[in-house]
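Open the model in your viewer and keep the selection tool at hand.

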Amino acid sequence: MAEELLKIDHVPTGASVASTVTQRLSRLLRNQLGTVLTQHSGFGLTDWRMFVGLSQKPGSTQKELVEFAQMEQAQVSRSLALMKERGLITSVRSRSDKRAWLFSLTSKGQTQFERLLPLVRAYCEGIDAVLTPREMKLYLDMAQRIARACMETDVKVLAQNKKAG
């Protein structure tokens, strides 16, 4: 079934199998977590990432939250506006940069985060549980090797393009 979900047999010509499958898996994991959150709480994945970011670092700027969540500025902005409207966060102007706002969870927001945490934790544990500890170590080792190859390949491709140009 995972083969159909990830379409392992359908990798575009010239594409990296590892990269394509990883991107598809990442998309699937994000979408499924977003669906679980929406169905059980009415919050989406961007909202969840704002809850996590603000629980870890109260007083974050929008720019910091964009970097933390690795999401688009517009998505983060919409999420923060809705969370503020619902009374889940507060915002105050930064004293050091008058253009920036500092966001923090309200007590209502912290309570909501604590309600969502067991749901997300159960989802994540369910995913991790399909691998034995040995398989998890192997998976993480392979992911690190692919990440290193990605960075090294980028450097090699740039060097080859300079020589060719």
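## First stop: helix 3

Select threonine 46, which sits in helix 3. Keep in mind as you look that this is a predicted model. Threonine 46 counts as buried, because its relative accessibility is 13% and the cut-off for buried is under 20%. Now show its surroundings: leaving aside neighbours within four places in sequence, threonine 46 is in contact with Met71, Gln75, Val76 and Ser79.

## Helix 4 and the residue after it

Next, select helix 4, residues 62-69. Which of its residues are buried? They are Gln62, Leu65, Val66 and Ala69. Turn the view to look down the axis of helix 4: these buried residues fall within an arc of 105°, so they line one face of the helix. An α-helix has 3.6 residues a turn, so residues three or four places apart point the same way.

Colour Lys63 and Glu67 as well; these exposed residues are on the face of helix 4 turned away from its buried side. What do the buried residues of helix 4 pack against? Their partners are helix 3, strand 1 (60-61), helix 5 (73-85) and strand 3.

Step just past the end of helix 4 to glutamine 70, in the loop between helix 4 and helix 5. Check its backbone torsions: phi is positive, about 55°, although glutamine 70 is not a glycine. Is glutamine 70 buried or exposed? It counts as exposed, because its relative accessibility of 71% is over the 50% cut-off.

## Strand 2

Now pick serine 91, in strand 2 (residues 89-93). With 15% relative accessibility, serine 91 counts as buried. Draw a distance from its side chain to that of lysine 84, and you will find a polar contact of 2.7 Å. Beyond residues up to four places away in sequence, serine 91 touches Lys84, Trp101, Leu102 and Phe103.

## Helix 6

Select residues 107-128, the 22 residues of helix 6. At 1.5 Å a residue they should span 32 Å, and the end C-alpha atoms are 31 Å apart, which agrees. Follow the axis to leucine 116, where helix 6 bends by about 30°. A proline, proline 118, follows within four residues of that bend.

Leu116 is also one of the buried residues of helix 6, together with Gly109, Gln112, Phe113, Val120 and Tyr123. Show what covers them: the cover includes helix 2 (17-41), helix 3 (45-56) and strand 3 (101-105).

Select cysteine 124 and then cysteine 150. Cysteine 124 is partly exposed, at a relative accessible area of 33%, and cysteine 150 is likewise partly exposed, at 48%. How many disulfides are there? With sulfur atoms required to lie within 2.5 Å, the count comes to zero.

## Last stop: valine 11

Finish at valine 11, in the loop between helix 1 (2-6) and helix 2. Valine 11 is partly exposed, with a relative accessible area of 22%. Not counting residues up to four places away in sequence, valine 11 touches Ser16, Val17, Thr20 and Arg24.

Notes
Residues are numbered from 1 along each chain as its sequence is written. This is a predicted model: local features need pLDDT of at least 70, side-chain atom pairs count only at pLDDT 80 or more; totals for chains, interfaces and linings use all residues. Side-chain values use heavy atoms; hydrogens and water are left out. Helices (H or I, at least four residues) and strands (E, at least two) are DSSP runs, numbered from the N terminus. The expected span of a helix is 1.5 Å times one less than its number of residues. The bend at a residue is the angle between axes fitted to the seven residues ending there and the seven starting there. Buried means under 20% relative accessible area, exposed over 50%, partly exposed in between (1.4 Å probe, protein chains only). Contact means heavy atoms within 4.5 Å. The arc is that of the directions from the helix axis to the C-beta atoms. A polar contact is a pair of N or O atoms within 3.5 Å; within protein, one must be able to donate a hydrogen and the other to accept it, and residues adjacent in sequence count only if both atoms are side-chain atoms.
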